[in-house]
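Please look through the sequence and the structure before reading on.

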Amino acid sequence: MMYGWDGNGWGIGAWVAMALLMLIFWGGVVTVVVLLLRRPHPGEGPAAPRPPHHDAERILNERFARGEIDEQEFTARRTALRRQD
C-alpha cells in the first residue's frame, strides 16, 4: 500500500508547481505588507503650503498681542495685507 503515492501522478511536476505557487503567494503577501507600510497615514507627511499672507497676518497678530504695535498700526497693516488678496 502506497497511500496515494502511485507512479501515475504528476511526479516531480507537482512539487515544482507547488513551490512556484508558494513563492507567488508569499511574494504577494510581502508586497501587500510593504504597500500598506509605505502608504501615507492621515496627519503625516508634508502639510499643504499656506499662502504667504496668512503667515504675515499671523506674525502681525503676534506682534499686536505682545504689545509691539498699537491698535491703529495693527489695523492699518492688517487692512494693507488683506487688500493685496
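## A linked network

In this predicted model, R63, R66 and E68 are joined to one another in a network of salt bridges. Within this group, the side chains of R66 and E68 meet in a salt bridge with an N to O distance of 2.9 Å. R66 is exposed, its relative accessible area being 54%, whereas E68, at 45% relative accessibility, counts as partly exposed.

## A pair in helix α2

Helix α2, which covers residues 52–66, contains both R58 and E62. These two residues form a salt bridge in which the closest N and O atoms are 3.0 Å apart. Because R58 and E62 lie four residues apart in the helix, about one helical turn separates them. R58 is partly exposed at 37% relative accessibility, and E62 is likewise partly exposed, with a relative accessible area of 33%.

## A pair in helix α3

In helix α3, which spans residues 71–83, R77 and E73 are four residues apart, so they are separated by about one helical turn. The salt bridge between R77 and E73 brings their closest N and O atoms to 2.7 Å. R77 has a relative accessible area of 39% and is partly exposed, while E73, at 29% relative accessibility, also counts as partly exposed.

## The overall count

With a side-chain nitrogen of Lys or Arg required to be within 4 Å of a carboxyl oxygen of Asp or Glu, the count comes to five salt bridges. Among them are the pairs R58 with E62, R66 with E68 and R77 with E73.

Terms used: Residues numbered from 1 in each chain as written. Predicted model: local features only at pLDDT ≥ 70, side-chain atom pairs only at ≥ 80, totals over all residues. Heavy atoms only, no water. Helix = DSSP H or I, 4+ residues; strand = E, 2+ residues; numbered from the N terminus. Buried < 20%, exposed > 50% of the residue type's maximum accessible area, 1.4 Å probe, protein only.
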